[in-house]
Amino acid sequence: MDDLKHYLEYILTPSTPVFVVGALIVLLVPILVHFYISSATPYTNLPSILLIGPPGAGKTSLLTLLERGDNAVPTHTSQITQSVELTVSTDGGIQSFRDAARDDAPGSHKKFMLVDTPGHGKLRESAMAKINANDPLKGVVFVLDASALDENLQATANYLFDVLLALQKRMGVGKTSKAPHAVHLLLAANKADLFTALPASLVKSNLEAELGRIRQSRSKGLKASGVAVGEMDDEDNEDWLGEYGAEKFAFSQMREFDVEVDVVGGSVLEGKVDKWWDWISERV
Amino acid sequence: MLDTFEILTTSGVVVWSRSYAAVSPSIVNSFITDVFIEEKGAIAGAKDDQPTASNPPYRADQHTLKWTFSKELGVIFVAVYRSLLHLSWIDKLVDNLKTIFVDLYGDQLKKPNTTLVHCHKFDEYFDQQVRQLESSAAVKGSQPSAAALVSDDEAVSGNLGDEPPLPPGLKHRSIAQNGAQELPSTTESTPVVTPSNSRPSTPGTSHLVVGKGGPMAKMSRRARKMQNTSAPASSGDEGPARKAKKAPKKGRKWNADGYASEEDDVQLDYSAAANAATSESEAEGRSTAMESIDSSTWGTKTSKGQFVLKDLDDEVNDILASAQAKSTGSSSSGGLVNSGFSTISGLFRNVVGGKTLTKEDLRKPMDGMKEHLIKKNVAPEAAVRLRDSVEHELIGLKTGSFESIDARIAKAMEASLTKMLTPTSSLDLLREVDAVTRPSTFSSVKPRPYVISVVGVNGVGKSTNLSKICFFLLENKYKVLVVAGDTFRSGAVEQLKVHVRNLKELTQREGGKVELFEKGYGGDAATVARDAVRTASNEGFDVVLIDTAGRRHNDQRLMSNLEKFAKFANPDKILMVGEALVGNDSVAQAQNFNASFGQGRTLDGFIISKCDTVGDMVGTIVSIVHATNVPVLFVGVGQHYEDIRSFSVKWAVKKLLSNN
Ligand SMILES: Nc1nc2c(ncn2[C@@H]2O[C@H](COP(=O)(O)OP(=O)(O)OP(=O)(O)O)[C@@H](O)[C@H]2O)c(=O)[nH]1
Ligand SMILES: [Mg+2]
């Protein structure tokens with residue numbers, strides 16, 4: 001009992017050791033807590049590339065191909081987003097994704113996250129949320145099925161419209177505060193191995209035409225429930241994709257918002273995705 | 001026999017599969033879409049970790065799918081077979097394989113940020129289970145042993161890597177499928193081809209194997225043993241197996257990944273030597289030993305096979321038995337002190353976050369959530385289903401840092417509601433009308449008018465909402481033909497006439513055009529509708545809007561007319577008008593209408609009228625979407641022609657979760 005009293009007295013009397021220990025605690029605890037928390041969530045800081053697109057386009061196949069480096073595995077409809085940690089070369093030591101997938105790839109490399117998202121209409125919420133999240137998002141790869149674009153043009157373009165609009169708004173928000181870094185979009189026209197597949201140039205022009213039509217009809221569409229009448233005019237302007245009031249839509253209009261759009265064909269099945277990989281490597 | 005067995009993750013990657021007959025991937029895709037994503041057919045609790053027998057079988061295109069799901073790992077096990085066959089042992093097979101797979105590869109599946117699962121060895125376990133269950137179901141006879149032989153042969157040829165120099169007669173007829181069998185092989189490994197055809201009951205194949213087995217009886221015991229041990233492993237297994245190579249252990253020991261450490265050594269080196277595909281330095285050291293076996297490789301199958309299968313049997317039985325024991329004996333745990341401590345830390349965790357949620361934690365707040373939804377006018381059965389699905393989703397999860405249970409529940413409920421209410425494909429009405437009336441010059445489709453019809457019970461506002469849509473179309477300069485399809489209730493035609501006159505006046509300067517098509521009373525509504533569509537396409541109208549007679553959803557006679565109507569008018573969109581009001585039988589109405597259009601035709605969407613009168617109590621929307629899986633497309637919000645809105649999921653979810 002006496003011991004305890006003594007001890008308390010010592011601690012409560014101002015003296016150099018007590019000050020030093022106290023100061024150390026005050027300084028160190030926040031730092032340690034910080035390290036504890038940041039080590040508990042190790043992956044949040046990796047740059048990420050988002051795979052997005054309509055169902056059955058080949059997103060998951062592409063993901064497995066890039067992860068394995070040799071072949072894609074069979075896939076079915078995805079229900080959840082799936083991230084995979086991949087590496088790109090920073091010094092040009094690795095040329096293709098095939099080498100990058102090896103554990104003992106030469107040269108120095110950098111890790112990033114490739115994020116696959118489900119394409120089903122009901123499950124797009126989370127993918128769209130990722131565009132707006134504060135993650136270090138470096139690029140969006142919109143995968144589409146070039147062999148069935150005729151039938152799916154409307155559905156594909158509708159989703160693409162939402163994605164582009166989200167990217168545009170993302171930049172718009174930044175104008176008031178600090179500008180967010182630009183996020184570019186790659187249109188990966190997959191399944192070029194099939195004979196019905198359209199070449200990239202046609203994919204581009206068909207999508208541009210359809211996006212233009214969607215833009216027209218959306219601007220005239222019904223207001224969404226919950227939007228008050230007064231808000232109408234601002235809304236109009238904000239939901240217009242690309243150059244305001246322009247007759248035709250072209251991907252080049254997205255440059256105004258710092259969104260570069262590239263259209264590149266390829267085939268996951270045949271492993272012809274090198275150009276996509278190069279695009280991804282450049283962004284990371 | 002089974003056509004296909006697949007093990008796939010919720011992220012869509014097939015981690016293991018065995019295919020005996022080609023099955024279109026679209027069958028499994030539609031199974032996932034219907035059962036897991038759209039949750040059709042009120043399969044509540046489908047996401048449970050329940051045994052296969054309790055999951056309703058899914059049928060598509062002459063195939064039946066039996067399945068089970070591991071929620072924790074996000075893995076679906078599905079067996080596909082012809083609906084004609086009656087395979088009583090399938091349920092057991094799926095359950096057992098799940099238990100074994102989870103036991104062997106659960107750790108791999110839990111790894112974040114990868115889709116790789118090394119599970120080539122699962123081939124044998126699969127064969128073992130098929131053989132065991134099939135033979136226990138079949139009458140005793142020669143079949144079991146034949147099955148054993150064949151599946152053994154399979155293990156051997158699976159062994160030899162890319163192009164197994166198969167003995168003549170053992171050529172597998174389904175090599176083409178093997179592409180689909182090259183499961184997660186890693187970068188450096190030779191892709192493992194697992195010939196997959198052999199049906200245990202195919203007499204031809206099994207005879208051949210027996211024949212081949214003959215000469216091998218002469219082999220030395222040692223060599224046989226070597227063969228035996230090399231049989232099960234597959235050359236593609238790498239990673240853990242390769243590490244094990246450095247320090248071989250005595251005897252067969254199964255590590256966490258399910259590889260037989262010692263035997264794998266031998267096996268790996270053997271295949272490397274045989275294929276010269278993997279150039280590993282260690283392989284050379286042992287290659288002499290391997291060569292001695294090489295000459296006698298081909299045919300120790302019979303004897304060796306039995307060895308392997310015996311080992312495997314024991315191991316599998318162990319796994320299954322321990323899983324059984326776990327599930328029966330895990331109920332009592334922890335003493336008083338223990339539970340006291342966990343309560344305190346639970347309270348702490350509840351504030352700081354990182355708490356693992358249990359059923360007990362969730363029961364009260366989840367019931368509160370259910371009550372809350374019911375107060376918002378959500379039908380009790382829909383509220384219960386939402387509660388159960390959210391609860392199930394949350395059990396075993398950890399709350400985020402500084403996140404309370406209530407906040408976590410609200411987040412999960414928001415996600416659940418959003419998923420339920422979001423339509424599979426969004427509707428851009430004007431764009432759809434354009435696509436039909438002005439198809440692109442490339443396509444061969446002829447332009448035709450776009451047909452919309454509205455149905456519903458009496459007095460919900462069918463004509464009013466039809467007029468609102470008409471007004472919207474006229475504002476956008478379309479030519480609209482309004483059809484008086486209510487040939488039943490007196491005054492209905494006149495009412496529509498008034499609407500059309502008003503609309504004409506209102507939109508004169510907009511440039512649209514609207515006409516009324518009517519044939520008076522007493523005629524057959526379906527015929528009137530068909531004639532109207534014909535007229536419209538002759539006279540260049542863009543859109544045909546068909547009003548129908550209101551009918552009580554339990555009036556058999558009138559409801560049965562709808563099928564003929566749908567056939568004759570063949571509308572692009574059949575929309576049902578329902579009321580947002582509290583306390584009517586909206587769920588039963590929606591269900592009956594949805595089922596009344598005959599095979600293959602359902603409602604395309606709902607218009608919910610009078611939303612302005614209910615404030616936040618928009619639960620009806622949830623109830624009817626829950627009951628029918630048909631999306632809400634428009635909501636009516638007032639008495640004027642412009643008071644129609646496209647339905648916003650965010651808006652509805654916000655109202656449903658708001659606290660007033
Ligand atoms: N012919 C051909 N088929 C491909 C190619 N890429 C993917 N596929 C096939 O397309 C189908 C769908 O591929 P997934 O990767 O599952 O599609 P997804 O985009 O992930 O689809 P969701 O998960 O539903 O959004 C699979 O059966 C693939 O085998 C390709 O380049 N050529
Ligand atoms: Mg996918």
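**Notebook: ligand 1 and chain B**

I started at ligand 1, where one of its oxygen atoms sits 2.7 Å from a polar backbone atom of A:Ser61. I keep in mind that this is a predicted model.

**Entry 1: around ligand 1**

I then looked up two further spots on the ligand. An oxygen atom of ligand 1 lies 3.2 Å from a polar backbone atom of A:Ala57. For A:Lys191 it is the side chain that takes part: one of its N or O atoms is 3.0 Å from an oxygen atom of ligand 1. Next I asked how much of the ligand the protein covers. On its own, ligand 1 has 660 Å² of accessible area, and the protein covers 85% of that.

Which residues come nearest to ligand 1? I found A:Lys59, A:Thr60, A:Ser61, A:Thr75 and A:Asp193, out of 21 residues around the ligand. I sorted the shell by kind and got 7 nonpolar, 11 polar and 3 charged residues. Helix H3 of chain A, residues 59–68, gives the largest share of this shell, with 3 residues.

**Entry 2: B:Gln129**

Now I moved to chain B and picked one glutamine. B:Gln129 belongs to helix H3 of that chain, which runs over residues 122–137. Is B:Gln129 buried or exposed? I noted it as buried, because its relative accessibility is 1% and the cut-off for buried is under 20%.

I also checked its partners. The side chain of B:Gln129 makes a polar contact of 3.1 Å with the side chain of B:Gln128. Leaving out residues up to four places away in sequence, I listed B:Leu93, B:Asn96, B:Leu97, B:Ile100, B:Glu134, B:Val316 and B:Leu320 as residues that B:Gln129 touches.

I looked up B:Cys470 and wrote it down as buried, since its relative accessibility is 0%. B:Cys611 has a relative accessible area of 5%, so I put it down as buried too. How many disulfides are there over all chains? My count came to 0.

**Entry 3: chain B as a whole**

To finish, I stepped back to the whole chain. Chain B has 660 residues, and 55% of them are buried. I counted 23 helices and 13 strands in its secondary structure. Then I took the contacts in chain B between residues at least 6 apart in sequence, and 74% of these join residues at least 24 apart. Last, I noted that chain B exposes about 29100 Å², of which carbon and sulfur atoms supply 54%.

Note on methods
Residues numbered from 1 in each chain as written. Chains lettered and ligands numbered in written order. Predicted model: local features only at pLDDT ≥ 70, side-chain atom pairs only at ≥ 80, totals over all residues. Heavy atoms only, no water. Helix = DSSP H or I, 4+ residues; strand = E, 2+ residues; numbered from the N terminus. Buried < 20%, exposed > 50% of the residue type's maximum accessible area, 1.4 Å probe, protein only. Polar contact = N/O pair within 3.5 Å; in protein donor to acceptor, adjacent residues only side chain to side chain. Contact = heavy atoms within 4.5 Å. Disulfide = S-S within 2.5 Å. Near = heavy atom within 4 Å. Areas by Shrake-Rupley, 256 points an atom, 1.4 Å probe, with all protein chains shown as cover. Nonpolar A, V, L, I, M, F, W, Y, C, P; charged D, E, K, R; others polar.
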